[in-house]
Amino acid sequence: MEKTRTKTPFLKVLRRHWLLLLMLLPSLIYVIIFSYVPMTGIILAFKKYQYAGGIYFSPWNGLNNFKALLISGKLGMVTRNTLLYNIAFITLGVLFEMGSAILLNEIISKFFKKFTQSLMFLPYFISWVVAGAIMYNIFNYEKGVFNHVITALGGKAFDLYNTPSAWIIVIIFLKIWKQTGYGSVVYLAAITGLDQEMFEAASIDGASAWQKIRYLTIPSLMPTMMILVLLGIGNIFRGDFGLFYQTVRSSALLQPTTDVIDTYVFRLLIDNGDIGVSAAASLYQSVLCFVTIMISNALVKKANPDYALY
Amino acid sequence: MTNQVVLNTHKRLSKDELSVNILGIVLIGIFALICVIPFYLIIIASFTSETSLIRNGYPLLPSFKDFSLDSYKLSLKNPVAILKAYGTTIGVTAVGTFLSVFLATMTGYVLSRKDFPWRNKFAFFYFFTTLFNGGLVPWYLLCVRYLNFKNNIVGLILPLMFSVWNMIIAKSFMSGLPMEITESAKIDGANDLVIFARLIIPLSKPLIATLSLFAALAYWNDWYNCMLYITDENMFTLQYYLQRILGSAEAMRIVAEKSGIALPSIPIESMKMSMTVIATGPIVLLYPFVQRYFVKGLTIGAVKG
């Protein structure tokens with residue numbers, strides 16, 4: 001990582017670049033307070049939290065918080081849900097985002113391209129609260145548009161809020177719906193940066209449009225894809241809290257298919273006020289994430305150092 | 001993107017180019033429609049009379065017969081709560097976006113300086129926070145117990161003020177600016193802060209437009225921090241206000257209290273939809289202004305470099 005030609009002495013750097021260091025100071029203080037200090041708070045997972053003692057002076061509790069977590073029997077379920085949803089988000093995300101970027105790039109009508117791109121970006125602009133309102137508008141049992149159409153076509157009204165299995169499709173659909181517009185711009189930015197002469201040369205050599213996509217565009221997008229996939233894998237044990245919280249609206253009936261680690265931790269903390277156990281669940285999640293990203297980055301680095309994240 | 005267009009218009013489309021185009025127009029067209037239909041449904045529902053909504057449910061097609069402005073009228077009849085939520089949201093978004101873009105660009109610039117020998121070490125110090133974190137519980141306790149975020153406007157601004165991702169986007173963009181700008185200004189005796197403010201920032205318009213949009217979206221759409229820290233109704237953000245309206249029983253109580261209208265005559269179903277429109281509108285209107293900068297500003301680079 002270090003590329004220092006000659007080793008620069010500490011004091012010399014300090015004297016020459018003190019202003020640069022000063023410019024870093026605000027954000028350094030920020031990450032220390034909001035990221036590094038809370039990291040020390042993971043000791044709460046091994047403590048019996050008492051208000052008077054706070055984070056650092058509450059008595060130790062051994063592994064009791066983790067035992068309570070295991071006894072609850074939910075950990076396996078929420079971990080599985082989080083993992084499977086994220087695998088679906090990552091794979092379908094790559095497919096939809098890269099696919100629409102490539103197609104958008106091929107479309108000749110400038111107006112169509114600009115117009116559809118703007119429409120595809122709309123869902124990215126709304127909060128999950130608004131997405132929740134949309135869900136209500138469409139899927140409400142009595143008033144929803146969906147049942148409206150189904151019954152008009154002679155079908156039977158469908159009660160989404162009583163059908164846990166259907167949520168798997170709905171959640172994945174919502175995520176793709178909200179994310180594709182943004183993701184495709186990331187790929188489109190990468191396509192714009194490609195060497196156009198390469199495509200011209202291929203055309204002169206008689207390559208078809210499909211061949212150019214297959215052998216030029218897709219391979220050149222691999223670095224961008226690898227970064228996005230690695231970022232996704234780094235968060236593979238983190239659920240999108242807003243997505244699950246605002247659309248499922250803490251319905252116990254739907255938990256088997258919609259409860260993820262983040263909603264579980266949140267319930268433990270805010271609804272149950274169980275600080276020790278929720279800290280234990282939090283730590284479990286952080287460690288899982290950390291180990292996954294470390295291993296996957298190391299593997300990618302070994303295969304091709306250019307694709308590694310750090 | 002534009003190069004491609006110029007190239008292709010010269011000659012007639014070959015068969016395979018035509019087929020790629022047709023496929024693209026069909027697939028992209030369908031997806032774009034799916035993206036926009038829910039917005040259309042929400043908007044027509046917000047203009048439909050409550051009696052029709054209760055009788056027929058949310059409409060698929062607009063109808064003149066059931067057209068009604070009741071829900072908007074009621075929202076504007078006693079607009080104090082909505083105006084307060086707008087005020088909080090606009091204020092927090094404006095201040096937060098400014099601070100957030102300032103921090104991201106300033107940090108990104110320092111880390112993009114190739115003559116700064118510690119840049120990689122610092123970059124990793126920031127990046128590490130995205131790999132590992134303490135989780136919700138220590139963060140929540142820190143904010144509530146030690147930083148006093150409860151019912152404090154600071155609790156809506158600080159949590160979203162610095163994003164490592166935005167900083168990395170800034171760093172990637174600024175690494176692409178010619179190093180000679182900094183070097184020659186240094187020879188002329190300008191210090192780093194002056195170079196950043198006077199030379200680098202004016203050259204980074206696409207970046208700043210992109211980062212401002214991200215930051216503004218994050219602040220405008222924030223309900224999470226409001227839910228965690230704010231219990232005072234006068235300080236609710238728009239999105240959190242909407243979240244409460246969507247929970248019916250809660251909504252009725254709020255509206256009845258604020259407007260003094262008897263419970264049964266409140267158009268609750270159409271109000272849910274008009275509040276959604278009111279809470280979303282302004283931020284969507286921002287998009288056309290930043291769209292042209294978008295592809296240029298959004299270059300995702302690696303942490304190293």
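Figure 1. The secondary structure of chain A consists of 16 helices and 0 strands. Its radius of gyration is 25 Å, whereas the globule rule gives 19 Å for 310 residues; chain A is therefore more spread out than a compact globule. Along the principal axes, the C-alpha atoms of chain A occupy a box of roughly 80 × 75 × 35 Å. Of the 310 residues in chain A, 38% are buried. When contacts in chain A between residues at least 6 apart in sequence are considered, 68% of them link residues at least 24 apart.

**Figure 2. Helix α9 of chain A and its kink.** Helix α9(A) covers residues 166-192, 27 residues in total. The distance from its first C-alpha to its last is 39 Å, close to the 39 Å expected at 1.5 Å a residue.

**Figure 3. Fold composition of chain B.** Chain B contains 17 helices and 0 strands. Buried residues account for 42% of its 305 residues. Among contacts in chain B with a separation of 6 or more, 76% are formed by residues 24 or more positions apart.

**Figure 4. Helix α6 of chain B and its packing partners.** Helix α6(B) comprises the 13 residues 119-131. Its end C-alpha atoms are 19 Å apart, which agrees with the 18 Å that 13 residues should span at 1.5 Å a residue. Four positions of this helix are listed as buried: R119(B), A123(B), Y126(B) and T130(B). An α-helix has 3.6 residues a turn, so residues three or four places apart point the same way. The buried residues of α6(B) pack against elements of both chains, namely α2 (18-40) of chain A and, within chain B, α5 (80-112) and α9 (164-175).

**Figure 5. The side of chain B that touches chain A.** In the predicted model, 86 residues of chain B make contact with 85 residues of chain A. Helix α2 of chain B, residues 15-46, supplies the largest share of this side of chain B, with 19 residues. By residue class, the side of chain B that touches chain A is made up of 57 nonpolar, 21 polar and 8 charged residues.

Conventions. Residues numbered from 1 in each chain as written. Chains lettered and ligands numbered in written order. Predicted model: local features only at pLDDT ≥ 70, side-chain atom pairs only at ≥ 80, totals over all residues. Helix = DSSP H or I, 4+ residues; strand = E, 2+ residues; numbered from the N terminus. Expected span 1.5 Å × (residues − 1). Bend = angle between axes of the 7 residues up to and from the residue. Rg over C-alpha atoms; globule rule 2.2 N^0.38 Å. Buried ≥ 20, exposed ≤ 12 C-beta atoms within 10 Å, placed from the backbone. Contact = placed C-beta atoms within 7 Å. Nonpolar A, V, L, I, M, F, W, Y, C, P; charged D, E, K, R; others polar.
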